[in-house]
Amino acid sequence: SAAEKGGYEHFMAKEIMEQPKAFRETVFPRIHEGRVALDELTVTREYLEGLDKVCIIACGSSYHVGMAAKYTLERLLRKNVEVTLASEFRYCDPIVTHRTLALVISQSGETIDTLAALREARRLGARVLSIVNVVGSTIARESDDVLYTWAGPEIAVATTKAYSTQLALVYLIGLCFADLLGTIGRAEYDEIVAELLRIPAKLESILEHREDVQYFASIYFNHPSIFFIGRNIDYAVGMEGSLKLKEISYIHSEAYAAGELKHGTISLIEPGTLVVALASYGKLYEKLMSNVVEVKSRGADVLGLTTRTHAEAMAKTVDHVIAVPDTHPMLLPTLDVVPMQLFAYYVALMRGCDIDKPRNLAKSVTVE
Ligand code: G6P
């Protein structure tokens, strides 16, 4: 009913709009006087020092959180982080020992492949830390430690607020472990914590400007095929943007690490192809823009996503720019993903798709 949807036309719209609140509820109670306190965890410094790697295991959008988490956790912890699709994990003879931490990410806590992979990781000796939304779910019960995303029930098949809160917990885990390991300096720690506290307000400001994204969707909703390009964390967000679009609008799309374009995909770029260029990561802004120039010169329409810092410059090269507020570079995916969700939503809306229940998809996949 309309009441259940909080006045919105779809659960997906409601859940997109709930993200500032979901982020706040997931993060704020776990920060005390400027320090991350994950009281739920039993992990010790000795354990972390003995770790040789972190294996992230997940499916779908949760896997995309894992892709972003790899960049973040490797940078913070200086440990190897592998990200494996749960459906592949069991069948790839994974190298897992008691010195492996399995980080399992799942909204529902019931995805069968993720659960099976968790069991396999444990059998091989790993300790399991899971990030789960549904309290008391099977994955939560079978993990050594659980951190809950306090996103509340997610009804739309295409996940939004679960993605952002999973990412939020990755940051908290990264900060907490880096602090225990001594791999982060005080100044950077303080800066990231301060920025985490500012994220909900920044999310709100993005959501206030959602009509800009709706306008871009109205221009591009009939494109038969869309490419998302990015580097580093922008690539990780591009994968999620592409998946959201495919799931609910049924438009074929692909996410590409921008540097890989010339190894194949660029042959598909022709006049009128839409490329969504994610260029929020300042360090690689120029590198990404060189790829944008390549696709522009082949006639692509380019919708850019960047921070306010680079918005004006980017607008000179691309057709339209969506700007998100600046933040610590590590936290950019939490902001970047929102315009991507909105874009998918509005495109699907204009195409008349069944947004909350896309064809052939289930909210939770409990059969292999
Ligand atoms: C399904 C859903 C996706 C979700 C994936 C993993 O495919 O449609 O939105 O990302 O399962 O689900 P989980 O509950 O394990 O995060």
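## Terms and model

Two strands pair if DSSP finds at least two bridges between them. Strands (E, at least two residues) and helices (H or I, at least four) are DSSP runs, numbered from the N terminus.

This model is predicted: local features need pLDDT of at least 70, side-chain atom pairs count only at pLDDT 80 or more, and totals for chains, interfaces and linings use all residues. Residue numbers start from 1 along each chain as its sequence is written.

## Sheet 4-3-5-6-7

Five strands form an open, parallel sheet in the order 4-3-5-6-7. Strand 4 (80-85) and strand 7 (145-148) are the edges, each pairing on one side only. From one strand to the next, the twist averages 20° (axes are lines fitted to C-alpha atoms, for helices over the stretch in contact; angles run from 0 to 180 degrees between N-to-C directions).

Strand 3 (residues 53-58) pairs with strand 4 over 6 bridges, in the parallel sense. Ile56 has Val83 of strand 4 as its bridge partner. Helix 6 (residues 112-123) packs on the sheet. Helix 6 touches strand 3, strand 5 (100-106) and strand 6 (127-132), where contact means C-beta atoms, placed from the backbone, within 7 Å. Its direction makes about 155° with that of strand 3.

## Sheet 9-8-10-11-12

Another open sheet has 5 strands in parallel pairing, ordered 9-8-10-11-12. Its edge strands are strand 9 (252-257) and strand 12 (320-324). Strand 10 (residues 274-278) and strand 11 (residues 301-307) share 5 parallel bridges. Ala277 stands opposite Gly304 in strand 11. Helix 10 (residues 210-220) packs on this sheet, touching strand 10, strand 11 and strand 12.

Technical notes
Two residues are in contact if their C-beta atoms, placed from the backbone, lie within 7 Å.
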